[in-house]
Amino acid sequence: MIDMIRAELFKLRKRSMTWILLIILATFFCLMFFATYGIISSPPDGMHGVAIDEIKASLQFPGVFNTIFSTAGTIGTLLMIILGASSIGNEYGWGSIRQVLTRRGIRYHFVISKLVSLIIVAFIGLLISVVIGSILALITSNLLGSVNWDSITASLIREQLANFGWTLFALLPYILMATFFAFLGRSAIAGIGGGLGFYFIESIAVSLLGQAGGWLSKIPDYLIGPNVTAIMPPSPFSQGMLPSAGTSLSTLHATLTLTVYCIVFLTASLYMFKKRDITA
Amino acid sequence: MDNNADLVVRTEHLTKHFGKLVAVDDLSLEVRKGEIFGFLGPNGAGKSTTVGMMLGLVAPTSGKVEIFGLDTQLHLPQILKRVGAMTESIGFYPYLSGENNLNYIARITGGISSTRIEKVLDLVELSGREKDKFSTYSLGMKQRLAIACSLLSDPEFIVLDEPTNGLDPAGVKEIRELIIKLGHEGKTIFLNSHLLHEVEQICERVAIIQHGKMITQGPVKDLMKKGDLLQLQVTEPEKAMAVLNNLDWIRSIVREDDKLFIDVNAERYAQISAVLAREDIFITEMRAKDNTLEDFFLEITEERTN
Ligand SMILES: Nc1ncnc2c1ncn2[C@@H]1O[C@H](COP(=O)(O)OP(=O)(O)OP(=O)(O)O)[C@@H](O)[C@H]1O
Ligand SMILES: [Mg+2]
């Protein structure tokens, strides 16, 4: 099993898609930081001083960590859907899946090694996000004054380690969903379409249902997005706006709901993959 | 039976349905240790599906496959350790080099050295191009890489599904020689093919299937021998088979729909029609043929294209 995971990482490392997605991640971070800095360095007329201070805080330590994790969570979800769906779906498209299965003969090894390697990539991606985000924060902090080193305390670091864990956990349901759709449709397109489709349709549904009354407004509490919002560090840009769905959910509720999603997608993928014939 | 110890493959009433389509129909065949076994049939006959079931890619609807005496449904991982396979549509990672594709397979297989990788690349004459990306390979090179890959773990049993597909005549010859060489090394080889002459030149024994059904199996020499083969079309083929099977002067009968192919001396022809008439079975067509396997095979393949 370990050798299969390592072999999987070998493939991901050699694949240009992995690196392209990483470049997208880094570019997105740079654009976001500099665009935000651009806004506050010449704020539009009528922008409240409070709002400006909030945004400033989101670009400096320690507030910048929330920015880093929420940004990494959002863009990371989209990138991991693409990578996860491709990692599974392309095995069908290229026919390499037969090569793998006629070597091992234990189908769940394939599914598990794929997922573990994707989680490792997500972990590394998140780590890189933190590094890039911190470097950018050093730059913006200097532009806005100076780095407040006193704010970096042991408890802050502990808190950020927890945020790191929650962000990684928040990526899981979407990774598992994208891979599930890729298995279902036996293609990368099915996985990307299913994953991104769910992501966007869900966010629209959440805002529509949020306006509805009665039991309809309860539905978002059991969807993925609001529960992800509930466990993630608050996004600096959601403050001052309408309270977004999920902010009222307890961490326990969110953790359980997301865990159920993970288990369902994983079980469905494993079952389907075990049962189905692999023909040309 | 001590005979079974010599069997590498044994399928027992192996059947596969895809919805209504019966791709493999009650197939029972045996491959012995050390032989090159040809599995011959026209397009769509069920060869690849059979190979899929042998390798655990396709689950049989009923019946079973035993390899090395082990049921593939129960002991697949153990079996696959001793098998090298090249499936029909070859699958590699386009962004990896040929060598890295083998590296990857070696990693997930375990116990394969880098010198072994070099050796198999050399064997299929890909040395020199091994660092190039798989996506830049020609069809023939891809095919060679797949053959190399099937040999990676130096397996006892090698399954090749149409290995010469897309190769030029020189390439076909090389691969044919390679297969024969592997046979001499004592490997057991299962070769899928729709090319009679390929099977004829390489294989010791052959099975022919059509529409998923086994038509005949036996040593190539016997099947290819020139002889009197009588082709009969009769009103009740099933009954006719039963009647004729009781006659000890008939060497073999193969049935294909309402046609019977009978291996018998020419002087017995009249006797056959008499025996059948007694049972109220009537002959609608009677033809003497001389080359068994080839005509026979052409016949079934032509029938399909018509
Ligand atoms: N996944 C599938 N779903 C439905 N039908 C299938 C599937 N796979 C194969 N078949 C059908 O099963 C039959 C046997 O196919 P198979 O690929 O085993 O033939 P083959 O003998 O290998 O042919 P060829 O010489 O063309 O490779 C064909 O009619 C094919 O259409
Ligand atoms: Mg085939």
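1. Which residue of chain B has a backbone N or O atom 2.9 Å from an oxygen atom of ligand 1? The residue is B:Gly46. A pair like this is a polar contact, meaning two N or O atoms within 3.5 Å; within protein, one must be able to donate a hydrogen and the other to accept it, and residues adjacent in sequence count only if both atoms are side-chain atoms.

2. Before going on, a word on what you are looking at. This is a predicted model, in which local features need pLDDT of at least 70 and side-chain atom pairs count only at pLDDT 80 or more, while totals for chains, interfaces and linings use all residues. Residues are numbered from 1 along each chain as its sequence is written, chains are lettered from A and ligands numbered from 1 in the order in which they are written, and side-chain values use heavy atoms, with hydrogens and water left out.

3. Back to the ligand, and this time to side chains. B:Thr49 has a side-chain N or O atom 2.5 Å from an oxygen atom of ligand 1, and a polar side-chain atom of B:Glu162 lies 3.2 Å from an oxygen atom of the ligand. On its own, ligand 1 has 640 Å² of accessible area (Shrake-Rupley method, 1.4 Å probe; for residues, only the protein chains shown count as cover), and the protein covers 68% of that area.

4. Helices (H or I, at least four residues) and strands (E, at least two) are DSSP runs, numbered from the N terminus.

5. Chain B as a whole has 11 helices and 15 strands. Its C-alpha atoms fill a box of roughly 70 × 40 × 40 Å along the principal axes. Of its 306 residues, 54% are buried, where buried means under 20% relative accessible area, exposed over 50%, and partly exposed in between (1.4 Å probe, protein chains only).

6. Finally, find A:Ala182 in helix α7 of chain A, residues 154-185. Is A:Ala182 buried or exposed? A:Ala182 counts as buried, because its relative accessibility is 0%. Leaving out residues up to four places away in sequence, A:Ala182 touches several residues, including A:Tyr92 and A:Ser187; contact means heavy atoms within 4.5 Å.
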